[in-house]
Amino acid sequence: MTVTEERPTVEIGAPRKRKEDARLLTGRTRWTDNITLQGMLHIAMVRSPVAHGTITSISTDAAKAAPGVVAVLTAADLGDAQGGLPNAWQVAPDQKAPNHPSMAIDHVAFAGEVVAMVVARSSAEARDGAELVDVDYDYLPPALDLRDCAADKVLAHPDLGTNVSAHYEWHSADHGTGGDVEAAIAEARANGIVIEREYRQQRLIPAFMEPRSIVADPTGEQWTIWTSTQVPHFVRIFMALVTGIPESKLRVIAPDVGGGFGGKLQFTPEEVLTVLAAKHTGKPCKYTESRSESLMAAHHGRDQWQKLTLAANSDGIVTGLKVELLADMGAYLGLVSSAIPLLGAYMFNAIYKFGSYKFACTNVFTNKAWTDAYRGAGRPEATFAIERLMDELAAEVGVDPMEIRQKNWITHDEFPFRTVAGLDYDTGNYEAATDKAKQAFGYDELRTEQKRRRDAGDPVQLGIGISTYTEMCGLAPSRWLGSQGYIAGGWEHASIRMLPTGKVEVVTGTSPHGQGHETAWSQIVADRLGVAFEDVEVLHGDTQVAARGLDTYGSRSLSVGAMAVVAAADKVIEKAKPSAAHLLEADVGDIEWSGSQLRVKGTEEGKSLGEIAFAVLQSHNMPDGVEHSIDADATFDADTFSFPHGTHLCAVEVDTETGNVAIRKYVSVDDIGKVVNPLIVDGQVHGGIAQGVAQALFEEGVYDDSGTLVTGSFVDYLVPSAADLPTFDIDRTETPATTNALGVKGVGEAGTIASTPAVVNAIVDAVRHLGINDIAMPCSPQRVWSAIQSAGGAS
Amino acid sequence: MELTHQFTVPASIDDAWAAFNDLERVAPCFPGASLTSFDGESFEGLVKVKLGPISLQYTGTGRFAERDEAAHRAVVAAKGKDKRGNGTAAATVTATLTSAGDMSTDVTVTTDLNITGKPAQFGRGVMQDVSDRLLAQFASCLETKLGESSTAEPAVAEAASETVSESPTAPVSAQVPRAASEPVAELDVGAAVFPVLLKRYAPPIIGAIVGLWLLRKILRRRR
Amino acid sequence: MIPAKFDYVAPESVADAIAALRSDSAEIKVLGGGQSLLPVLRMRLAAPTLLVDLGRIAELSGVSDDGDAIVIGAMTTHAEVAANALIAEHASVLSKTALTVADPQVRHRGTLGGSLVHADPAGDLPAPILALDAELVVAGAGGERTVSAADFFVDLFTTAVGEDEILTRIRVPKHTGWGSHYEKFNRVAQAWSIVGVAANVRTDGGTIAEAKIALTNMGSTAMRASAVEAALVGQPATDDAVRAAAASAADGTSPPSDADGDADYRRHLATVLTRRAVLAAAG
Amino acid sequence: MARINVTVDGVGYSDDVEPRTLLVQYLRDTVGKTGTVVGCDTSNCGACTVHLDGRSVKSCSVLAVQADGHEVTTIEGLADGDTLHPMQQAYHDNHALQCGYCTPGMIMQSIDLLNDNPSPSEQEVRDGLEGNLCRCTGYQNIVKAVLAAAQGGAS
């Protein structure tokens, strides 16, 4: 265990306005679609409208003859060169997966799959040409219903023989972290309480604002690929593996990237196809998707059926939890599709002390867009399930839902704590965060008002929802990832280059796309190296500049990536000591770091790193053996996860006449450990909560019975606007992590994980007295109203 | 999606079956369609659909999956695709006539419909409703036509007289109401419009598919 | 996404526009504000051969006082309608409804005439036009004709305007002193109405003297809720009385079922929203 | 091809365009104003918002030929040299952007909003931005920035 260092900080903790803003505010941006090269060609994809079928013929003659069209490529043209797309996570030894070509060869497995591409001199001509590609399909029955598919009633990939990709289980009794869950349930059936529920985690679409775009340039000695991705380093490795282009000949750049939320944590068919088009034509090629293509063909998230059995004694102390999941993989396995449920597997017990725990999951193929990471990735699903269950248990016991949580949670003096799922929580203070949240919320007053309105039969009922969440974040310890079947590690890399003019270049392996690493890393380095915030330049997202790295996802950038920056900074100081000693005419052993200078112990005499960098540049009279650089690079791998937590409280007003839900008040108190930049942290929490609220109230990816995504535009996929969301009243407690030197935990996913159950708990709480104990997400007015009607109508 | 429509016509089953097959009379229920080829068993056709701001043009093929005169049952399987690659459509249409008395016949039309691509992608949830409505209009139109079978008037259409000559046992078939153009106009899917834009892109194709089926029957009669 | 190719004309007079509509181009579309048409063209759900842009015909824009009525040019934008003082004074239900259409940017481009001719059953503006008993002036090769609002909306996306005609202006009888409200119910702010109710009510000493109520998205076109109107007249503007009258709001409607709500839900919503709209209008 | 004359950010341009060219494509591909971006194909997201003769419009739902003879202002025409427009400054001061993709459209609409209503309430700001989607910020700091800009007299 690392002990958080106590160092004087000036920049860390300061609400620095972001460096990134200057270009973003003025339109001086470099989105991939802004990149135009001489002679560049444009690609339009021809996508299957059929969810499941075989391609019987493709006629490209008319398209090839169309004005401006340079090439039309089908799978037959690509041949073996297109290879297959990778899945990077084997969650079970016998995991099955169909071959995943970038362009369908003869079998199409979801509506939106690419079946041909048209390369033309302009994007309009490419689109004109795409209309002329004539594809015939024979229909196969689409495999759409998750539960039917799990039973192999219809096969998504007939060649595979089954829809089940993998089944995996984890039981506390097998790992010595708790008892036998079946015994606990049996005991509870006899003498306690058993809550059994099925919850649907509806399919969501990440819906980053910048549609994906790729430019592949084959001219010159090296390939340059600009792509709107969270993971340029992954793209480089996999592009080399799939296309056979040597990795050393590939430069991948993620320029300005307009949001990701897990949705750009992917190695995509479109990336491969753009490279193949460039290879075929010898010219730079660009592909930019439309929004409707993005919604249809970029990976989706969530989509699980959760069957839950909670056992408790009659006082409401939980003795066991059994989780049985069906997880919809969609048509193929993406990079980490198979492991999304696994990332939630260790979080169903959340902040609680359970006697026993069992998790079982079946990954199932269907003829829908494939699913993969979406903000929270597995953990929102787990948190939703347990936080909803705790409310149900409270109702059963007849106590306030807050009380049931207090009875079961880990108290602050019990840390470090090994959970029933086998994770070691380093720190936390659930009581403190909850007390603060309750006070800001006016919990008791709202409960009083709720009772008054219930008693009066008010057509608008008040409900209060609680979510006391935690998450494991900071992906991740490489050893843990290896133990779980992931092919890559979870370390991060950074290098620091001290420029002779006193400026500092920080190269990070993380790949930000809105998170503000340029600002936050500058703050950290400014403190660490005693340089001005303004003098630090953070470089990222270009594999020729940041050669090593594992990119940005899973709230890992600060707790892993920034720790590599810290390690590199410390190395710079160490590396500069011999030069400093020479310049100060002292023994190396007498040189110490003052916070801004290397000094001779006990004196005020010293040299800044900038001065040393300049002296090293000159090297006019450096002694033998001193390196002509004080630059350094370093890696960091975490020993364990970090565990942010918090309490979110939501008050909703449910109009029982229309079913409309309005959020009246939303309070969050998050404990994310030490805060580097409170402005950025607040922004992450706001946006996270908004996405979680959107799952509760608005968003759902819906397929019709032919397998067409009918929420295929922003008309029907309801991303909320400013007018649809309230102001969030957010605050923090600060219990530093003990697992890294900065005491940080990560904040990117917290709001999303916490908010969904808070909202749904509030809605159910508003109408529970009418006999309602569940409403499926998204809780649309029709669903809420129908639930009230089924329960016998409003009072 | 499977849609079923039932209605009863005041005609004997033989008269109704014959009338039903007198496509010159019922075909106007399905505007916008035209046949491009027919080889006896299978056909190719074209359906232009105009839905408010949306215009689609489907080309399709189909064949008789079943046609049982004794059981008064016909099944047509057809599929088509939009000429600009906007999507595909397929339908299996089953029509069954059952006698419900000397001068009464029950008609059941079951349509198993599969529409893909943009008209479905941008028509969230409305499809079923609109398809149902369309087929209900079709059924209602048929009901009117078949119900007119006992009030025959002199043939007014060339095609109709041709039909008469082929099908002398169907005395009702020659009659085309003078006002035909008006009720037909109401059902004119081609000119009318489905909810499309951004809110509800609907499936024109239902009318189209059934239209193809009827046209195919016309050709059969003309052989 | 980029539209398929088309020819484009922007005539400067109604006569030239009609001539363009009568040209022999294979498929002609009229471009009003374009806020519905352009997305459809971008999706390539339509590929007209000719677009006739009405945007350069000055006489089609603007609002004027014509004695017992106000006259609104068909190309007057939603934003202009919403902000116009004459309309606010004499036809306030239209001002209020115009302000709920889509979002501010769309309201800057989208036009009243375009919305009416588009005739989306979920579009908001037909309802107030019905509730104001407006008259619509349609120009064609043979000159102008006037169509009452009641006869204008024919079916889903279908109006009385012929293929070679254009809607030039809307004549709205003054309803000075009438109370009004548009109650719009949707899932997110810029979404189409699940159901909307336009209430245009004249009260006299706390009693409802006249009521004109129209419903959005309760059938293939917007429609008047005649049963409610009849039941309201002579009633006090109280919750109980209005509730009783509004109970028949769904009479004679045939609402659609879609992902936002099934027909039963819409019928129920119509009664609730009608009550709220009338109370707000009469209050 | 049609010849159009358009003033963009104060500079006059005369170009031949296909009638089907959207204003946003003209701005990005012909004039080079890549600060204005495209986020959807149904005019829901507002990322492409610019001012046409001083009023906000979604440039994906306007044809370039419709802008003939008119004046367009984009995000790139707001700052005065190194001095940000007060609305840009307010966005910066209030951390009203994260990935920044929606920002150009959001700022253009925010300016229009204050032109219309110089002292809006919080709800009026939210309603005025209903045609612009942001996936990062939850809108909270955007609303805060617009209110701050209103306080500071930005428009």
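The model is predicted: local features need pLDDT of at least 70, side-chain atom pairs count only at pLDDT 80 or more, and totals for chains, interfaces and linings use all residues. Residues are numbered from 1 along each chain as its sequence is written, chains are lettered from A and ligands numbered from 1 in the order in which they are written, and side-chain values use heavy atoms, without hydrogens and water.

**Chain A meets chain D**

Chain A brings 51 residues to the contact, and chain D brings 44 residues. Contact here means heavy atoms within 4.5 Å. The size of an interface is often given as the accessible area lost when the parts come together. Between chain A and chain D, about 4000 Å² is buried. Carbon and sulfur atoms give 55% of that area. Buried area is the accessible area (1.4 Å probe) that two parts lose on being put together, summed over both. In chain A, the most area is lost to chain D by Leu25(A), Met209(A) and Ala722(A), together 18% of what that side buries.

The rule finds four salt bridges across this interface. A salt bridge is a side-chain nitrogen of Lys or Arg within 4 Å of a carboxyl oxygen of Asp or Glu. Lys17(A) forms one with Asp93(D), and their closest N and O atoms are 2.8 Å apart.

**Two cysteines**

What is a disulfide? It is a covalent bond between the sulfur atoms of two cysteines. The cut-off used is a pair of cysteine sulfur atoms within 2.5 Å. A search of the whole structure finds zero disulfides over all chains.

| Cysteine | Nearest cysteine sulfur | Distance |
|---|---|---|
| Cys650(A) | Cys779(A) | 11 Å |
| Cys779(A) | Cys650(A) | 11 Å |

Buried means under 20% relative accessible area, exposed over 50%, and partly exposed in between (1.4 Å probe, protein chains only). Cys650(A) counts as buried because its relative accessibility is 0%. Cys779(A) is at 3% relative accessibility, so Cys779(A) counts as buried.

**Helix H19 of chain A**

Helices (H or I, at least four residues) and strands (E, at least two) are DSSP runs, numbered from the N terminus. Helix H19 of chain A spans residues 609-618, and its buried residues include Leu609(A), Ile612(A) and Val616(A). Which elements do the buried residues of H19(A) pack against? Among them are helix H17 (517-529), helix H18 (557-583) and strand E19 (492-498) of chain A. Just after H19(A), Ser619(A) has a positive phi of about 50°.
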